[in-house]
Amino acid sequence: GEAVALGMLVAGSISRRLNLLSAKDFSRMEKLIAAAGLPTRIVRLNLSRIIDAHYYDKKFKGAVNRFVLLSGIGKTLIMDDVALGLIREAIQERMGLLAQV
């Protein structure tokens with residue numbers, strides 16, 4: 001459950017950075033995850049190892065990544081080929097290395 005929760009927050013951060021999700025909805029999601037006792041920050045993991053692992057995710061097809069992003073609470077969309085720089089920023093945000101957008 002912890003990895004899923006953190007993955008949801010990374011996807012939420014990507015959604016925010018793409019202006020698909022409001023700051024209010026993202027904050028609500030983050031608070032609900034925390035209230036469930038799940039982590040909201042990535043600790044004791046290396047950014048490059050996380051990036052490397054994402055290439056083995058079941059949603060990665062050939063050389064194209066695929067993310068389930070949010071356009072609101074309960075509203076999803078699938079986006080292919082999310083820029084690696086955007087993924088890095090979202091992960092770094094969860095690591096506390098970048099400010100939340």
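**A serine and its surroundings**

Modeller: Happy to! Leaving aside residues up to four places away in sequence, S13 touches F26, A90 and E93. Please keep in mind that this is a predicted model. S13 itself sits in helix α1. Its side chain makes a polar contact with the side chain of E93, at 3.0 Å. Is S13 buried or exposed? With a relative accessibility of 1%, S13 falls under the 20% cut-off, so it counts as buried. Across the chain, 35% of the 101 residues count as buried.

Helix α1, which spans residues 2-17, also matters for the next feature, the largest pocket. That pocket has a volume of about 860 Å³. Its lining has 30 residues, and A3, L6, G7, M8 and V10 are the closest to the centre. Helix α1 gives the most to this lining, with 8 residues. At least two residues each also come from α2 (23-35), α3 (47-54), β1 (66-72) and α4 (84-94). By type, the lining divides into 19 nonpolar, 7 polar and 4 charged residues.

Now for the whole chain. There are 4 helices and 2 strands, running α-α-α-β-β-α from the N terminus. The radius of gyration is 13 Å, close to the 13 Å that the globule rule gives for 101 residues, so the chain is as compact as a globular protein of that length. Its C-alpha trace spans about 35 × 30 × 25 Å along the principal axes. Among contacts with a separation of 6 or more, 60% join residues 24 or more positions apart.

Technical notes: Residues numbered from 1 in each chain as written. Predicted model: local features only at pLDDT ≥ 70, side-chain atom pairs only at ≥ 80, totals over all residues. Heavy atoms only, no water. 1 Å grid on protein atoms, 1.4 Å probe; cavity = no way out; pocket = protein on both sides within 12 Å on 5 of 7 lines; lining within 4 Å. Points joined across faces, edges and corners; volume = space filled by probe spheres on them. Nonpolar A, V, L, I, M, F, W, Y, C, P; charged D, E, K, R; others polar. Buried < 20%, exposed > 50% of the residue type's maximum accessible area, 1.4 Å probe, protein only. Polar contact = N/O pair within 3.5 Å; in protein donor to acceptor, adjacent residues only side chain to side chain. Contact = heavy atoms within 4.5 Å. Rg over C-alpha atoms; globule rule 2.2 N^0.38 Å.
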